[in-house]
Structure formats: C-alpha cells, structure tokens
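This report covers a protein–DNA model.

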2 protein chains.
Amino acid sequence: MPRIVAERADVLPALGECFREHGFEGASLALIGAATGLGKGSLYHFFPGGKAEMATAVLAEIDGWFEREVFAPLRESESPAAGIARMFEATEAYFRSGRRVCLVGCFALGEVRDRFAEAVRSYFQRWVDALDLALGRAGASPDEARRHAVDVVGGIQGAIVLARALDDPEIFSGILARIRQGLMEMKTAS
Amino acid sequence: MPRIVAERADVLPALGECFREHGFEGASLALIGAATGLGKGSLYHFFPGGKAEMATAVLAEIDGWFEREVFAPLRESESPAAGIARMFEATEAYFRSGRRVCLVGCFALGEVRDRFAEAVRSYFQRWVDALDLALGRAGASPDEARRHAVDVVGGIQGAIVLARALDDPEIFSGILARIRQGLMEMKTAS
DNA sequence: GTCTATAAAGCGATAGAC
DNA sequence: GTCTATCGCTTTATAGAC
C-alpha cells in the first residue's frame, strides 16, 4: 500500500518551489501545506524545527544537487571544457531560463541572509572555487581564472534578476550565451 | 517651531532602508515605526494605503534618484563616456560596495514581484535603454550596444548578490571595475 | 499631525485523537 | 503518519482622543 509521502525527502521539491515563489517569510504554513499536500501535523512530524528546518533542508537539497550536477563535474571532468559546458547546460535548465529564481541567491539578498549565512556562503564559494579550478586547468592564469569565476557566477545571478524584472526569459538565455562565449574566447586567447 | 517630520518625503529614506534590511514582508509596521520614529497613526496619515503605498512611494523615490543621477546623465551627457563613468561612480556609492542591496532587484526576485511589476520593469528597462543609448553614441553598433547594456545592468545586480552571499564588499568593487574595463575596451576596439 | 487602544485576521507552533 | 483543534502571539489596519 503505497503512501504518497514516504519520507521527508519526498516533500522537498514542493517545499523548495513554495519558498521560491513566496520567499521565506511569505511561505506561510498554510501555503506550505497546500503546496505539499500535508497538514501542519505531518509537516511538524517531518520537520520538528518548523519553517527554519524546512528551509535548511531545502537549501541542503539544492546544495546537493549543484554539488553533484555542477560543482563536481567542474572539478573532476576529464576535460575542463566539458565540465564548463555542463555547468551552463545544467544552469540554463535548472533556472528555467530565469523563470525560476535561485533560492540561495534570494536568501542572500533577503532579510534571512544572516539566518542561513553559512549555507549561502558555502554554496557560492564552492561554485566559484570549482569554476576557478576548471578555468585554471583549461589554461587560464590564477588571477584570470579567479576573476572570471567570480564574474561568471555573479553574472548568472544577475541574469536571473534582470530576466525576472523585465519578464523576458530570453534575457537570461542571452546573457548566459554571451558569458559562455566570453569564456571560450578567453581560453583560446591564452 | 520645526517639526521632525514635515512631510511624507522626509520618512522615505528611513522607510527604504527598512524595506532593504527586512524585505517587504519582513518589514512589519512595528519595525517601520522604529525606523522612522513614527507611530502607526502618523504612518497611516502619510500613507493611507498602508505598507503597499509605503513601498510604492519608496520605489518611486529610488526611481527618481536613479533617473536623475544615472539614467539622465547616460542619455544626455555631452560625452557618453562621462555619463558611463558617472553611472559606475554613482552605482558603487549607492550600493555601498554591495553592502546595501538594490530594493528594486530584491522585489524582482521576491514574492512581491507581481505586485510592483510595472515599477520594477520600468526601472530596469530605462536603465538598460539609457546605457544602450550611451554605448551607441560612443560608437558601438546597435547590436553590440544592446547586448552590453543588458550584460552590464545584469552584472551589477549579480555583483550585489554575490558580494552579499560571500560577505565580501571587494567582490562587488572588483566585478564593477572589470565590467567598466570591459566597456572601455569595447569602445576602443570598435 | 501624532498618539494609544483596539479590532479582526493570520501567523507559527503544539497537543492529542486516531 | 496524518489529522483537527487550539494556544499565544503578531500582524495590518482602524477609531478616536488630544
């Protein structure tokens, strides 16, 4: 007899979307209940720490996804170019051309930054570091790799902001394509 | 006999900081009262529409500041390079090296995007358009000007996100300096 | 114009039945 | 594991004194 919700991890995707759509403060337990199909009792059974624990779990799940799909390939791909290509493809798909916000970026900008500071910092630091490493392996100088890594990760976050503000997914795709092109030119220029 | 608060406009700066620090949902009337030094009665006297009207007024004030200090110089400066230089200087100062968030960008990412969609869209659209115009006047091709305008405005927003996430103001200043450098190279290359 | 008091609703969180 | 009922608090907003 299959249960709809077998374990805590099953509700994390819906939980994440709810936080993305409404923000941490805006995602009330009523909205979270509607999004997950669970009553407050069930939610507090899975997350005794309440909303804060829900957000922490969502951040950890997002972090795990990026670690697996983006950061690790950047660090470990046979060819650094392949890891970088994968980063752009995964990113474009994950953020749905800017229609889906980056919850970690939202938390960084928002009022809850201090509450989840370490998770936010670690996520972006590891992204920058992994890209830095890949660019170095691709032949960039240490300074060049570091600067470009920072610019690219920042550029992706800015692309989400601008695409949402102008309500135009092509803005996101266009910026990402040009960032990608810029990296390729850098690598061939060195 | 001087009053501390003579008119509505006098509380907008404190109101803006309160929204920046706590977000729209997070800025409760209690916090707003503390930030402005006004009781609820006075606040509703100045803003009969409540929090939504306060946020609208703050957005309008921010919009006016950027229109005056950034967009208009970009459009009207004798030399486009001077307008662009002024944009970077005003932006660096206004966002305090990324320690101060862009409220319009926050609203774009956050749950209140739809509520203030038109103000958010107009702010970013006019920024991009003004920079587009300046780059065109500086000698860039229409395509080149458009693309760079989008990339620069997005890049600035991303720099704020990343600087806040990594809690490192130098990230913001570094990204802005490289964006600025990139524009100068583009103009001399054409 | 500024205040306090208060209304009505919604909030996160808990308790306890099943 | 899931639910409903409820607690205690905070919220936005209003009313009315001064």
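Predicted model: local features only at pLDDT ≥ 70, side-chain atom pairs only at ≥ 80, totals over all residues.

**Surroundings of DNA strand C**

DNA strand C is surrounded by 15 residues. The closest of these are L29(A), K40(A) and Y44(A) from chain A, with G39(B) and G41(B) from chain B. Of the atoms of DNA strand C that come within 4 Å of the protein, 62% belong to sugar and phosphate. By residue class, the surface near DNA strand C holds six nonpolar, six polar and three charged residues.

| Residue | Part of the residue | Distance to a phosphate oxygen of DNA strand C |
|---|---|---|
| S28(A) | side chain N or O | 3.3 Å |
| Y44(A) | side chain N or O | 2.7 Å |
| G39(B) | backbone N or O | 2.7 Å |

Two elements give two or more residues to the surface near DNA strand C: α3 (40-46) of chain A and α3 (40-46) of chain B. The largest share comes from α3(B), which supplies four residues.

Chain A superposes on chain B by a rotation of 180° with 0.0 Å of shift along the axis, at an RMSD of 0.0 Å. The two chains are therefore related as by a two-fold axis. In chain A, G158(A) has the C-alpha nearest the axis, at 1.8 Å from it. Both copies use the same surface, as 100% of the contact residues of chain A recur in chain B.

Key:
Residues numbered from 1 in each chain as written. Chains lettered and ligands numbered in written order. Heavy atoms only, no water. Near = heavy atom within 4 Å. Polar contact = N/O pair within 3.5 Å; in protein donor to acceptor, adjacent residues only side chain to side chain. Nonpolar A, V, L, I, M, F, W, Y, C, P; charged D, E, K, R; others polar. Least-squares fit on C-alpha atoms with pLDDT ≥ 70 in both. Contact = heavy atoms within 4.5 Å.
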